[in-house]
Each structure stands twice: as C-alpha cells, then as structure tokens.
Amino acid sequence: MNEGKQQEGMALVAVMFVVIVVLGAVALTTLRGHSASTFAEMTINNLKAREVCKAGIDLGVYELWGKYVEEQGGTPGNLTSYLEYLDGVVASSDDPNTSPTPLITQPRELNGGEGRVLALTVTRADDVSGTTLTISATGESDLTEQSATQQTRVAGVRFRGFEFCVLANNINCILCHATFHAQDLEENMDASLYGSYDRIKVGSLESLLVRKGTNAFSANSAVAGTVYTRGSVRNENFQEYSADGLATSSFTGYEMDSATGQLAQDGSGNMISTPFVNGENDPEGYLLPYANLYMNYPTDDTFMTDGELPLSFPAPFPDLNGDRTVNDDEFEPVMDTAYQNASISGGIVYGVPEGATYDGVALPSGSSSNGAAASLASGNYDGNVILVGTEANPIEIDGAVAIDGDLVIAGTVKGWGQINVRNNVYIVGDVTYQNDTSEPFGTAPDGTENGLAVAAGGSIMMGDYLTRRAKDKLYSYDIWSDCFVDVRQTHKTVNASAWPWQQVYKDVGYFDDDVVDPGGSATSSEGYMEHNMSFTASELSQFNFIEHELAAADAGYVPRYYQLRDSAPIYEYTGQDNESTGHALVYNNPYVEALSSSDLARGAIHSLNPADNWLTEDQLRQIWYNDEMSRPDSGRPFEFHGLLYSNNAIFCITRSKTTHNSNTRGQLIVRGGIVTADLGVLVPGWDPNAMSRDGFQMYYDRRVANMLRVEDPLEVEFTRHAFRWELPDTG
Amino acid sequence: MRNAILSAFVVLSFSLTGAADTLFFKDGSSLEGKVQRVNENTIALVVGQGRMQFQTSEIERIEENDKQGDYQLVSPMATRHDRALKARTGLTREQRNLVRRHISGLTSASGAERLEARKALIQLGEEVDIFPFLKEAAPFLPADRSPEVLRVLWELDPKRAKPVLMEMTTNALSTNRAQALELMCTDEKADESARTQLAQLVARGMVDPSADVRIAAAKGLGALGAKGATPALIEGARSSNPRLQGACKEALEKIWRIDPNLAEGMDWDTLWNDNKQIVREPLQCDSLEPLYKPEVEGQAPYFLAR
C-alpha cells in the first residue's frame with residue numbers, strides 16, 4: 001500500500017515537474033514573444049521618428065529655400081534677393097550663442113500622421129559670398145524622439161574656371177609663339193610616369209583669334225590639352241575657321257589618351273604634336289570627351305560632357321548691388337574674414353594709407369613705419385601696399401589676406417595663401433616661389449608648400465602698361481620702324497623720316513618726352529603729332545567697344561569701361577571686325593571714338609592708374625626701368641608663379657630685344673594660371689620678325705585649381721552639407 | 001625738384017581758390033569747375049555731379065575765377081579727339097556710325113547684303129559728303145574691305161578718288177594695290193596723254209610681289225590698250241600661274257584687237273617683233289620698278305609688328 005502510495009507520489013512529482021517545465025516553457029515563450037514584439041515596436045517607432053525628423057529637416061529646407069524659389073517663379077534669383085527673403089525668416093547673427101530661430105510654433109504632424117515634428121529651428125551665419133543655415137529638427141513617433149542637424153548653404157554658384165590654365169572671354173594676341181603646358185609633366189624626370197599626366201585646358205568664352213599668316217606671323221602655338229571655344233574662331237583677316245582649317249594652322253595640340261585624357265609622351269618624355277581635331281558627338285548627341293578641341297562648346301551643362309566651361313566671370317568679391325565696382329560694404333566682409341585668420345609675415349611691407357602718397361623713387365628697401373606690416377601680419381590692411389620679397393626675406397603668406405587698396409608686388413614668395421585686393425594689382429618684377437629645385441615645384445627649401453593666388457577687384461597689370469611702342473615714323477606706311485622706344489636707354493635719338501634726303505629726329509629713350517601714352521593724339525615736344533597707342537590702350541578700346549555694344553542691346557546692363565588713367569578719354573574701337581589690324585594701333589584711326597558723357601552715364605569706370613595716384617606713373621616707370629636694368633644681357637624672362645584672377649582685365653606685357661632692347665627678350669613664363677574676363681597679352685619673344693622664338697610660356701600648376709573660392713552672387717544655389725543624428729541626452 | 005615746385009604751386013593755388021576755377025593743362029587745354037585737392041599727386045575737378053581727376057604733373061596752372069564750367073564734364077583730350085575726327089571726316093558721330101555700319105556690309109557673306117551696303121553708301125554719299133571719311137578709313141581697313149571702299153570712292157567721285165587710288169598703288173596691302181590699279185584703268189574720260197602716263201604706272205604692277213596685283217595690272221593694261229606693255233604681258237603669259245597667264249593673254253588680245261576665238265596658239269613674240277617699231281616706249285619687265293617693296297624681306301606689315 002505504502003509502496004503504491006509512494007509510487008503515486010513519485011508520479012505526481014514527475015507530473016508536477018513536467019507541468020512546471022511546460023508552464024515555464026510556455027511562460028518563457030510568451031515572455032520572449034512579448035519582448036520581441038516590444039523591441040520591434042520600438043524599432044519601428046524609432047524609424048518612424050527618424051523619418052519624421054528627416055521630414056522635419058525637409059520642411060525646414062522648404063521654409064528656407066523652397067518657398068523662396070516658388071516666390072521667384074521657379075528660378076532662383078541673385079544673392080541679394082535671397083538674403084532679403086531670408087531676413088523675413090531668420091535674422092543673421094555673428095554671435096554663436098544666439099538662440100536658434102524656431103521655424104514652427106507648435107508640433108506638427110508629418111508623414112500622414114505617423115509622427116510629429118516637435119521642434120524645428122535654424123541658425124544663420126552670413127559670410128562673404130552667402131549664408132550657412134543650420135537646421136535642427138526633433139521628430140517623435142509614439143513617444144520615441146529623434147533629433148538631427150542638417151547644415152546647408154545658400155551662396156552664389158561656384159565658379160569652376162580655375163581648372164583652366166588660361167580662361168578669358170577673348171583670346172587673341174596671346175596665341176603668338178605661345179605654349180601652354182602642364183607644370184607637373186614638365187618637371188617630371190621619372191620615365192615610369194610618362195603618359196600619366198592629365199591634359200590641361202584653355203578656354204575662350206567669346207572669341208579666339210588664331211593667326212594664319214606665314215612663318216613668323218603665324219600662331220606657332222601649342223596647347224598640351226584641350227581648347228574650348230564659344231563664339232568665333234577667326235584668323236587675322238576676320239575669316240572664320242572651320243575645324244579643318246584650324247587643323248592645318250600652326251596652332252597645335254598634343255596626343256592624348258582618348259579614354260583618360262592623359263598626355264602621351266614618347267620614350268624621351270616628349271609630347272607628340274598633333275593637329276586639333278574638333279570633338280564629335282555620340283549617337284545621342286552628346287560630345288565625346290577628351291577631344292583636343294571643342295568649338296562652340298555648349299552652354300547647357302547637360303551637354304558639357306567634357307567638363308564645365310563657365311559662362312562668365314563673377315566678381316571675386318560678391319558685387320551685391322551689381323554696380324561692377326567693389327564698394328565698402330562689399331569688401332568689408334573680406335577684410336573681416338581675413339582678420340586674424342591670415343597673415344603676411346615676411347618680406348618688405350610698405351603701406352600707404354588712403355590720402356597719402358608714396359615718396360620713393362624705387363621699390364622700398366624696408367617696411368613702412370606706419371603699422372602696415374603689423375596689420376598684414378594680422379591678415380588685412382586698409383590702404384595701398386607695396387610687397388617686396390627676396391630669397392633671404394621672402395613675402396611669407398598664410399591664408400587669405402585682404403588689402404583694401406592697390407597692391408604693388410615683386411620678388412620671392414613663400415607659403416600658401418591668397419591676396420584679395422580691392423583695387424588694382426601691379427606686378428612690377430618677377431614674382432616667384434622660394435623654390436627648392438630638387439623638390440616638386442612649389443616646395444621651399446624648408447619643405448613649406450608654396451602657392452599664391454591673387455584676386456583683384458580691379459585689374460592686374462604685369463609689366464609696363466604705359467609706355468607706347470614707338471613714336472610715329474614720318475612719311476611711311478610702316479609707322480613704327482626705327483622709332484621703337486628703347487627700354488634700356490634713358491635717352492636715345494633716331495631718324496624718324498622714311499625719306500633718305502630728310503633728317504627728322506625723334507627721342508625714343510625710356511625717359512624721353514612723349515614716350516608714355518598720353519591717352520590720345522598729341523603734339524610732342526619735338527613739334528610732331530604723335531598718334532601711336534600703347535598696347536594697353538589698344539586693348540582697352542576693344543574691351544570698351546564690346547561693353548558699349550552690350551549696353552546698347554540691353555537697357556538694364558551695367559557696362560564696365562576702362563580708361564588708361566583717371567584723366568584719359570574712354571575710347572572704343574568700333575572696327576572690331578577689322579581684324580586685319582587685330583586692334584586699333586593709332587588714335588587717329590577713324591574707327592577709334594571717344595565715348596560721350598551720355599554713353600558713360602550708366603557705366604562703371606575702371607582706371608588703370610593707382611588710386612588717386614598714390615604712386616605716380618613716373619614712379620611706376622622708374623620701378624619698371626630698375627627691373628629691366630636688373631636683367632642681365634644674357635636675358636632673363638619675366639616670370640610669375642601663382643594664379644591670377646580678375647573679372648576685369650589682366651595685362652601681361654614684355655618687350656622684345658630686337659625692337660625695344662629688353663633683356664626680358666620679350667619672354668614671359670607663368671607657372672600657375674590666368675583667369676580673367678579681359679586678357680591682354682603682348683609677349684613677342686626675342687624678335688617679332690623671327691620664325692623661331694619663345695614668347696609666352698605658360699605652365700599650368702594644377703594646385704591652383706582650388707585655391708580661390710569665387711561664387712557668383714548673380715545666381716544662387718542651395719547645397720546640403722553635413723547631416724548628423726543627435727544622440728539622446730543621457731543626462 | 002620740378003615736381004616739388006609744382007606741388008608747392010598747386011598747394012598755394014588751392015589756398016586761393018574759391019568756388020570755381022580753371023585748370024590749365026600742359027597740352028594747352030583747359031577746364032572749368034570746382035577744384036579739390038585729393039592728395040599731393042592728384043587734383044579733382046567737380047562740375048555739378050561730374051568729377052574728374054588729374055595728375056598734378058598734367059597741370060600747368062590753376063586760375064581762380066568764378067566760372068562754373070560745362071554741365072557735362074568731359075576730358076579735354078576726348079573733346080579734342082571728337083573735334084579732330086569731325087574735322088577730318090566732316091561727319092558727326094551718328095553719321096560716322098552709319099557709314100561704318102554700311103562699310104561692314106561691304107564684305108557680308110551675302111551677295112545681296114554686299115550690294116545693298118554699296119548702294120546705301122552711294123546713296124548716303126549723295127546726301128552727305130562721306131568721301132573724307134571713306135578716304136581716312138581706307139588705310140585702316142582689312143584686306144578684303146578696303147578695296148570695296150576704294151570702289152565706292154571711285155563710284156562717288158572718280159576725280160577726287162584718283163589721288164587716293166594713286167596713293168593706294170603703293171599700299172602695303174596687295175588687295176589695295178590691285179584694286180587701285182584696276183579702278184584707275186576704267187577711267188574712260190582719260191585723254192591719251194593721261195592714259196600713257198597711267199600705263200607706265202600700271203606696268204610697274206607687272207613686277208609686283210603679289211600675283212593678284214600682277215593680274216590687276218594686266219587687266220588694266222588691256223583696258224588702257226597699252227601696246228608698250230606687250231613685252232611685260234608676254235612674259236606674264238608665260239607664267240606658271242594660270243590666272244596670270246589668262247589675264248595677260250586677254251590683255252594682249254584687247255591691245256592688239258585679236259578675236260579671242262582666233263587667239264589660241266597665237267605667237268605673241270612674232271606679233272611683237274613685227275609691230276614693236278610702232279610702239280614709242282616699250283616696257284620690259286626687268287626695267288620696271290615695283291610699286292611696293294617691303295623694307296625687309298618677310299618683315300611683318302606694321303600692324304603685326306611688336
């Protein structure tokens with residue numbers, strides 16, 4: 001019995017055990033299921049919260065940008081119009097502790113009721129060329145919250161022109177015994193790297209002139225890469241080139257890999273010359289990339305399949321009121337940004353404040369005592385500056401320095417930076433990096449990387465832009481021969497008559513009377529009318545004509561007219577299609593007109609002289625002469641290292657040996673880039689009548705491509721930058 | 001030192017100046033208005049809303065007076081330029097613009113537009129004397145356009161055009177030399193003596209460095225009936241240039257009144273030997289001086305020189 005009961009008790013325990021195990025298993029399963037369900041629910045809520053949060057950011061973008069675009073009729077306007085819109089939404093503040101501005105006043109349901117945006121705020125920070133907006137949003141779904149921050153920027157469309165070795169509206173005189181090569185390829189000695197260097201780019205947005213003449217007078221120019229043109233490509237007789245015609249000219253390219261655009265090199269490292277062949281279209285009508293020539297390159301970026309070619313040249317410092325001059329309030333942010341963020345710490349720094357004048361007869365031998373050096377060491381200077389560097393005491397630059405005036409510069413440069421100059425820039429001698437020749441170009445002996453960019457709100461003059469070529473030769477169609485100005489002799493007299501029986505003497509030494517372009521036809525001290533224009537005046541009259549035409553066609557257009565100096569007439573050469581002469585060479589050409597007051601009334605006028613003549617033309621000429629005389633008889637080309645940018649004009653002028661006696665031998669070497677609206681290059685080489693001569697040698701330094709950030713405030717764009725999820729506050 | 005004296009003078013002048021003054025420039029011109037000193041090197045002149053700056057080195061003297069100046073402040077050099085252009089051409093700025101526009105049309109790609117431009121110029125020339133402008137402009141025009149302007153000049157007034165064309169026979173552009181020779185030879189009113197003189201000039205075109213000029217000269221000699229030019233034309237007819245060959249043969253046919261249909265295989269040497277005794281001054285190529293000779297072989301025309 002007891003045994004039986006004992007057996008029954010054992011069975012009960014076993015059953016109980018099984019029941020417990022089963023119940024435990026069931027409970028565990030139930031618990032696990034609940035936990036999984038809760039986890040899934042949490043995940044879903046979290047995802048919903050994130051989505052709502054992102055939707056909140058999008059709502060912010062709409063409030064800050066989308067509504068503006070709608071108000072503009074679907075197309076963004078200029079920066080001013082955007083900032084005006086933005087002022088109605090959020091105020092700008094320099095104070096980082098300013099509270100964010102709410103974009104919604106109460107939580108708002110989003111994503112079809114899946115969640116709510118609890119908070120949506122924005123902070124705004126304006127800078128030189130746009131504004132940075134930081135949007136913060138907190139989303140919630142079923143009590144799960146998620147926060148995120150999105151940084152956005154609204155600014156002018158970024159200018160991409162610095163990817164070009166040379167980019168200008170019109171390219172003409174430059175293509176005369178000129179070469180455009182890649183700096184890295186040129187300096188490479190490692191045969192294993194042959195064929196691995198990218199092409200360079202040269203672009204003209206309005207016209208390209210390629211001389212067709214024979215021997216010395218043909219283009220004899222070459223580009224190690226691709227040439228992009230818009231507008232016309234003509235020869236000196238104003239005849240339009242076909243692509244085939246250009247292929248037979250003496251303007252040539254070099255072979256490139258058609259898949260990569262890398263420049264082909266032979267076993268000795270030489271590039272292989274090849275004619276220009278215009279890019280072809282694929283079956284869909286898009287240009288095939290990596291051709292060496294694109295004539296009439298598209299303006300629609302969808303069709304720019306070989307890279308972007310800009311449409312215009314924006315002001316380096318946003319021209320917010322569109323008056324084509326740099327106003328105080330437009331340059332102030334540049335000065336402010338530079339302050340304590342950049343410096344010039346070496347070289348000679350000579351400051352001349354507004355209202356004062358320079359009293360030296362040569363470049364300064366020491367820094368001025370008026371605090372200019374200290375000011376530039378802190379990033380900016382309010383006034384005109386002369387910078388002089390030597391190998392032992394180079395101009396040491398770091399960051400984006402600002403000068404609220406003109407800049408005169410010569411000598412050795414060290415460091416990496418840019419000089420933002422409100423007015424004109426005068427490059428009065430070689431400007432070269434302190435370079436260790438055993439290291440890659442741009443490396444100083446102490447390993448510092450050198451890179452200079454100069455952006456001018458005015459124009460940039462490299463070399464003597466004032467001295468005219470010659471005095472008029474009498475009784476000869478060949479108006480110059482024998483009367484060229486000698487840039488190395490202070491005084492010189494020549495016979496100016498073409499008739500052997502007549503002796504008419506004129507003085508053509510560098511410091512003789514009337515060798516400076518007076519700005520018009522004028523009677524010389526010798527009693528003869530002199531009509532010869534300087535090269536600069538010739539070019540200005542061309543540029544002015546183009547502007548005058550644009551102004552005539554569009555009543556809202558603000559033309560920019562150039563003058564040689566404050567007191568000079570503003571000329572236009574109305575014979576732009578008289579390309580046999582390339583440009584006007586004499587003031588008495590009946591196609592040269594002085595613009596009237598009514599023509600000038602709505603234009604911006606840019607003078608090439610130093611502002612208020614703080615540095616006189618006589619002083620400039622003495623400085624140029626000193627530079628010329630510093631060049632040995634064995635010759636030393638004018639040389640510039642760095643990037644030059646102006647949305648006005650850049651002039652690069654050297655003079656030949658045979659006609660002007662210059663020891664630059666008429667050569668200019670630029671290692672960097674030149675990007676400008678109007679480009680005037682007169683670099684004839686040793687002898688302008690010689691077939692074989694080196695003139696302008698340009699080596700594109702790819703490092704300059706991203707040195708300057710220039711944005712066009714006439715067309716704003718919205719870009720998203722950093723996005724991050726905010727971690728929950730864990731207390 | 002000179003500058004210092006001038007500066008001192010200018011400073012002194014300023015202390016004396018009133019509301020308006022006259023600036024006298026070294027080039028002899030002057031301007032009136034209110035003078036302001038900008039700095040040691042710069043003087044500004046203000047008239048109404050206008051303001052213009054000058055280097056002190058440009059200024060001869062400043063006179064104090066009460067003249068208020070012109071409403072529109074224009075650089076004296078600009079005024080002088082405009083006046084000079086008007087004096088040379090006799091046309092206002094608007095008229096000059098109009099003439100220039102028509103001149104551009106002379107080389108239009110469209111034949112109809114070219115014709116229209118020429119007609120327009122001729123018509124305008126009947127209303128206003130555009131001759132001086134065209135004459136002044138011709139030397140500055142491109143190789144394809146200036147010959148067209150010479151043609152218009154000739155059509156407007158052959159008598160006035162003649163000296164211009166004479167000058168153009170020695171022009172550096174071969175197109176101008178060719179056109180000048182060709183046009184002058186179409187003067188039907190020229191008397192025998194004038195034609196003989198002209199033939200001597202035109203024959204010099206037969207030794208021109210440019211084939212186009214030689215062709216034009218051959219045509220001109222044919223039109224003039226210049227028998228004396230026969231040796232030069234025979235030489236030209238032996239040229240390897242088929243255009244020159246054709247022009248010379250055609251000229252010979254005209255001069256010697258040979259029916260072109262019968263001229264094939266013509267022995268011009270025999271014809272000349274048979275007839276040279278009746279020609280007073282035969283012109284041989286080797287005795288002719290070219291109308292144009294570049295100063296240095298291969299030298300650039302002036303507009304290309306640097």
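Predicted model: local features only at pLDDT ≥ 70, side-chain atom pairs only at ≥ 80, totals over all residues.
## The overall form of chain A

Let's step back and look at the whole chain. Chain A contains 10 helices and 35 strands. Its radius of gyration is 34 Å, well over the 27 Å that the globule rule gives for 731 residues, so chain A is more spread out than a compact globule. The box filled by its C-alpha atoms, taken along the principal axes, is roughly 165 × 60 × 55 Å.

How much of chain A is buried? Of its 731 residues, 56% count as buried. The accessible surface of the chain comes to about 29400 Å², and 51% of that belongs to carbon and sulfur atoms. Contacts tell you about the fold as well: among those between residues at least 6 apart in sequence, 68% join residues at least 24 apart.

## Aromatic pairs

Now for the rings. A pair of aromatic rings is described by the distance of the centres and the angle of the planes. Over all chains, a search of the whole structure finds 31 aromatic pairs. One of them is formed by Trp65(A) and Tyr68(A), whose ring centres are 5.5 Å apart and whose planes meet at 40°, so this pair is tilted. Both residues lie in helix H1 (residues 2–71) of chain A, and because they are three residues apart there, about one helical turn separates them. Trp65(A) and Tyr68(A) are both buried.

A second pair, Phe159(A) with Phe313(A), is also tilted, with 6.0 Å from centre to centre and 55° between the planes. This pair links distant parts of the chain, as its two members are 154 residues apart. Phe159(A) sits in the loop between strands S5 (144–158) and S6 (166–171), and Phe313(A) in the loop between strand S14 (293–294) and helix H5 (328–338). Phe159(A) has a relative accessible area of 6% and is buried; Phe313(A), at 10%, is buried too.

## From a cluster to a strand

Trp65(A) and Tyr68(A) also belong to an aromatic cluster, together with Tyr82(A), Tyr85(A) and Phe718(A). Phe718(A) turns up again if you follow the contacts of Thr152(A).

Thr152(A) is part of strand S5 of chain A. Why does Thr152(A) count as buried? Its relative accessibility is 0%, and buried means under 20%. Leaving aside neighbours within four places in sequence, its contacts include Thr131(A), Ile135(A), Phe718(A) and His721(A).

## Helices of chain B

Helix H8 (residues 174–184) has 11 residues, eight of them buried, so H8(B) is largely enclosed by the rest of the structure. Among the buried ones are Arg177(B), Leu181(B) and Met184(B). The buried residues of H8(B) pack against helices H6 (146–156), H7 (158–168), H9 (192–204) and H10 (211–224) of chain B.

Further along is Ala247(B), in helix H12 (residues 242–255). Ala247(B) counts as buried, at 7% relative accessibility. Apart from neighbours within four places in sequence, Ala247(B) is in contact with Ile215(B) and Ala218(B). Asp286(B) lies 39 residues from Ala247(B) in sequence, and their C-alpha atoms are 20 Å apart.

Key
Residues numbered from 1 in each chain as written. Chains lettered and ligands numbered in written order. Heavy atoms only, no water. Helix = DSSP H or I, 4+ residues; strand = E, 2+ residues; numbered from the N terminus. Rg over C-alpha atoms; globule rule 2.2 N^0.38 Å. Buried < 20%, exposed > 50% of the residue type's maximum accessible area, 1.4 Å probe, protein only. Contact = heavy atoms within 4.5 Å. Areas by Shrake-Rupley, 256 points an atom, 1.4 Å probe, with all protein chains shown as cover. Phe/Tyr/Trp six-rings, centres within 6.5 Å; stacked < 30°, edge-to-face > 60°.
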